[in-house]
Amino acid sequence: MFSRNHRSRVTVARGSALEMEFKRGRFRLSLFSDPPEDTELQRKLDHEIRMREGACKLLAACSQREQALEATKSLLVCNSRILSYMGELQRRKEAQVLGKTGRRPSDSGPPAERSPCHGRVCISDLRIPLMWKDTEYFKNKGDLHRWAVFLLLQLGEHIQDTEMILVDRTLTDISFQSNVLFTEAGPDFELRLELYGACVEEEGALTGAPKRLATKLSSSLGRSSGRRVRASLDSAGGSGSSPILLPTPAVSGPRYHLLAHTTLTLAAVQDGFRTHDLTLASHEENPAWLPLYGSVCCRLAAQPLCMTQPTASGTLRVQQAVEMQNWVRVHGVLKGTNLFCYRRPEDADTGEEPLLTIAINKETRVRAGELDQAPGRPFTLSISNQYGDDEVTHTLQTESREALQSWMEALWQLFFDMSQWKQCCDEIMKIETPAPRKPPQALAKQGSLYHEMAIEPLDDIAAVTDILTQREGARLETPPPWLAMFTDQPALPHPCSAASVAPAPAWTQPLPWGRPRTFSLDAVPPDHSPRARSVAPLPPQRSPRTRDLCSKGQPRTWLQSPV
Amino acid sequence: MSYIPGQPVTAVVQRVEIHKLRQGENLILGFSIGGGIDQDPSQNPFSEDKTDKVNGWDMTMVTHDQARKRLTKRSEEVVRLLVTRQSLQKAVQQSMLS
């Protein structure tokens, strides 16, 4: 029968050279094989390092404050994860070296201590109330002081973040939409919650001064470059560098400060909303300080695996009626707080109703027994529950002594898990799989002309010139190939073309581009050219294959249509 | 260095967004288009703008009819064009000299 808690062991072939080496004490199997969990962690670490490099590059390329804030947040999360994974790898290596001396993998025997099953922990509907003082409404009138905040959540070595939210004094709470799910929590988990904040506007009390100076400068600079300076200042500034000069990309971006933190444990888990205290970590002098009320509301749910996954299953026989002779064969599945007895093994998957359901909870008592009256299958399992004044006992026959042992073991493990996970085992708490979060607003690709091209109707080509100067540099001496699209005549020496080929003034050689040839379903012009005569005419059913340069005839029309 | 129709080309372009006007039951743009890959370019009286893209649809290799159809879709109220102009190159050249 299947039982969850039996771990499979690494096997070494008998009589192999490897086994001989082990026997000689040369190697330890644990050192020899890299546990798969470590390679997984290493892979995650490498991934975060790459992400961090990407975030640094993105931050350096950002020109807008909001982009820089998102990039800095990514960087912060990457850094935290890197530290956490490295710490975990270190811990595991140490445990490997220290903990396993002398113990051979072939040593059998049940583990001395039972360990509880893991579970999924999900925190959602996070809300942090704010407490604006009256003065906040009257301070800096006109300019809405804004903050960018997000939460960093850590459980074990796993770190996750919420989305970044912009906060101003019109909000009474910071509400995060994210659901954050941790899949490998033990009942002794510690979920650390950290709130980080940064100013959206440039930090420092001098925000006013450079703006005025820059405005003065901008009017004395050229029209378009001046406009650029003003535009960059208006759009929440550059990335932390001095705004007086034309913005230069700086690697240092906005700074996030830790505003508050708290740690949640199993005691905080509840299938509903609860309020927890926050430890405030910053004070009013901090530029990113926010008036937090001091608490956080959330729904913290936990689903231990014993509640959602079957812990044991196998063949059993139950008594249909009081008479001992009538034993019915069933497929038993121990899951959560119930032992389901299905008529057939497939019923468990198809959702059929079980023949019998026996409740298993903290009050249930279980006994192993042997029946003399039932020869051949004497091993029984008795499960007793108290319902009010009545005690109801179910007696089940197991296939063999080993099967009985396995069932007892599974039940003991379940009781242990229940004692550890406590309120989480009363009923299954619903956890919604978090929807994949939308990536932050598409960041304009740097280097793209389109990012800069906001040409107003009154702007003239001078605006384009400026932008192009920045982008193209002084590379272009020869006319670019695309200008060939604008020549009046095709440059291909064409025996049939009426006018002589006159290449555009800038070029001295004829361009060998062919006249575009497509096959249109529209009316085909008559074929007059001597050149085309040598090519066999194509069948008329052919649909326009615009990638083919098929010669059919030269179009003689220039159609115009109103749109 | 040449322009070969059918081959990819890099050009300096300008993005134009036009909201269609309502004329009776129809949505119109208010101008005319000419040309198409199946038309004779030597008869082009203008050589001002070339349209590369309409609302994401590629226009570099379309017939006149296809181009017209893509611009006059009933369901689209806004048309976003990528347009290239010869004068854009002049702008680049001017900026090189200055």
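**Note on chain A of a predicted model**

1. Chain A contains 13 helices and 20 strands; helices (H or I, at least four residues) and strands (E, at least two) are DSSP runs, numbered from the N terminus. This is a predicted model, in which local features need pLDDT of at least 70 and side-chain atom pairs count only at pLDDT 80 or more, while totals for chains, interfaces and linings use all residues. Residues are numbered from 1 along each chain as its sequence is written, chains are lettered from A and ligands numbered from 1 in the order in which they are written, and side-chain values use heavy atoms, with hydrogens and water left out.

2. Of the 563 residues in chain A, 40% count as buried (under 20% relative accessible area, with exposed over 50% and partly exposed in between; 1.4 Å probe, protein chains only). The chain exposes about 32600 Å², of which carbon and sulfur atoms supply 53% (Shrake-Rupley method, 1.4 Å probe; for residues, only the protein chains shown count as cover).

3. Taking contacts (heavy atoms within 4.5 Å) between residues at least 6 apart in sequence, 66% join residues at least 24 apart.

4. Over all chains there are four aromatic pairs. Rings of Phe, Tyr and Trp (its six-membered ring) pair if their centres lie within 6.5 Å; planes under 30 degrees apart count as stacked, over 60 as edge-to-face and the rest as tilted. Phe150(A) and Tyr196(A) make a stacked pair, 5.7 Å centre to centre with 20° between the planes. The pair links distant parts of the chain, 46 residues apart: Phe150(A) belongs to strand β3 (residues 147–155) and Tyr196(A) to strand β8 (residues 191–199).

5. The charged end of Lys73(A) sits over the ring of Phe150(A), 5.4 Å from its centre (the criterion is NZ of Lys or CZ of Arg within 6 Å of the ring centre and within 35 degrees of the ring normal).

6. Ser178(A) lies in the loop between β6 (173–175) and β7 (180–185). Ser178(A) counts as buried because its relative accessibility is 8%.

7. Helix α10 (residues 401–421) has 21 residues and reaches 30 Å from its first C-alpha to its last, close to the 30 Å expected at 1.5 Å a residue (1.5 Å times one less than its number of residues). Its buried residues include Leu404(A), Trp407(A), Leu411(A), Leu414(A) and Met418(A). Just after α10(A), Lys422(A) has a positive phi of about 50°.
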